[in-house]
Amino acid sequence: MVRGFRRDIYTKSLGKGKKEMKNKVKLHVVRINDLLPSEIFESDAHVCDLLIRSPFYCHRNPSRRYLVRPVLIVWLDVATGTIVGHRVCLSENKNAVKNSLMDAIIRFGTPEKFVVEAMVW
């Protein structure tokens, strides 16, 4: 009886969109927030607390190689807490952020909204 009732609610809410599906069908799911998966992606960057040698080919001479701290750029799905994209680079620049976002969109689809945290040095 319960399965039949749930099936009827599911079929009625299919044509009415995501909001109806969230409010009627998925009531038994415990949610941290009131978002659907892939609705908001949030980005942040973190300077890692480790040193690596410069990986550039022009620094093959040991006297010219220097130590750098890599930066980890992460895209997070706010609804589920899943890391959807990431990139490790030597500095936070627009190409690294763009490439990590492209990876996230290819794997999980385009979100409705992006939230980008600015990094303060």
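Leaving aside neighbours within four places in sequence, which residues is Arg53 in contact with? The first legend answers this. All views show a predicted model.

**View 1. Arg53 in strand S2.**
Arg53 sits in strand S2, which covers residues 52–53. Its contacts, apart from neighbours within four places in sequence, are Arg65, Tyr66 and Leu67. Tyr66 is 13 residues from Arg53 along the chain.

**View 2. The four-strand sheet.**
Four strands form an open sheet. Their order is S5-S4-S1-S6, and the pairing is mixed. Strand S5 (83–89) and S6 are the edge strands. Each of these two pairs on one side only. From one strand to the next, the twist averages 15°. In general, strands of a sheet pair through backbone hydrogen bonds, either parallel or antiparallel. Helix H3, residues 94–108, lies across S1, S4, S5 and S6. The helix runs at about 150° to S5.

**View 3. Strand S4 and its partner S1.**
Strand S1 spans residues 40–47. Seven bridges join S1 to S4, and the two strands run antiparallel. Glu42 has Leu76 of S4 as its bridge partner. Ala45 has Ile73 of S4 as its bridge partner. How enclosed is S4 by the rest of the structure? Five of its seven residues are buried, so S4 is largely enclosed.

How many bridges join S4 to S5? There are six, and these strands run antiparallel. Within the pairing, Val74 stands opposite His86 in S5. Five residues lie between the strands of this hairpin. Among the hairpin's residues is Gly81, which takes a positive phi near 80°.

**View 4. Asp77 in strand S4.**
Asp77 belongs to strand S4. Is Asp77 buried or exposed? Its relative accessibility is 4%, so Asp77 counts as buried. The Asp77 side chain makes a polar contact with the side chain of Thr80, at 3.1 Å. Asp77 also touches several residues beyond four places away in sequence. They are Pro37, Ser38, Glu39, Ile40, Phe41, Thr82 and Val84. Of these, Ile40 and Phe41 fall within the residues 40–47 of S1.

**View 5. The aromatic pair, Trp75 and Phe114.**
A search of the whole structure finds one aromatic pair. The ring centres of Trp75 and Phe114 are 6.1 Å apart, and the planes stand at 75°, so the pair is edge-to-face. That label rests on a cut-off: planes over 60 degrees apart count as edge-to-face. Trp75 lies in strand S4 (residues 71–77), while Phe114 lies in strand S6 (residues 113–116). The pair therefore ties together parts that are 39 residues apart in sequence. The two partners fall into separate accessibility classes. Trp75 has 1% relative accessibility and so counts as buried. Phe114 has 38% relative accessibility and so counts as partly exposed.

**View 6. Two cysteines, Cys48 and Cys89.**
How many disulfides does the structure hold? The count is zero. Cys48 is in no disulfide, and its nearest cysteine sulfur, that of Cys89, is 9.3 Å away. A disulfide would need the two sulfur atoms within 2.5 Å. Cys48 is buried, with a relative accessible area of 17%. Cys89 is buried too, with a relative accessible area of 15%.

**View 7. The surroundings of Cys89.**
Cys89 is part of strand S5. Which residues does Cys89 touch, not counting those up to four places away in sequence? They are Pro70, Val71, Ile73 and Ala96. Ala96 falls within the residues 94–108 of helix H3. Arg69 is 20 residues from Cys89 along the chain. The C-alpha atoms of Cys89 and Arg69 are separated by 9.0 Å.

Notes. Residues numbered from 1 in each chain as written. Predicted model: local features only at pLDDT ≥ 70, side-chain atom pairs only at ≥ 80, totals over all residues. Heavy atoms only, no water. Phe/Tyr/Trp six-rings, centres within 6.5 Å; stacked < 30°, edge-to-face > 60°. Buried < 20%, exposed > 50% of the residue type's maximum accessible area, 1.4 Å probe, protein only. Pairing = 2+ DSSP bridges. Axes fitted to C-alpha atoms, helices over the stretch in contact; angles between N-to-C directions. Contact = heavy atoms within 4.5 Å. Polar contact = N/O pair within 3.5 Å; in protein donor to acceptor, adjacent residues only side chain to side chain.
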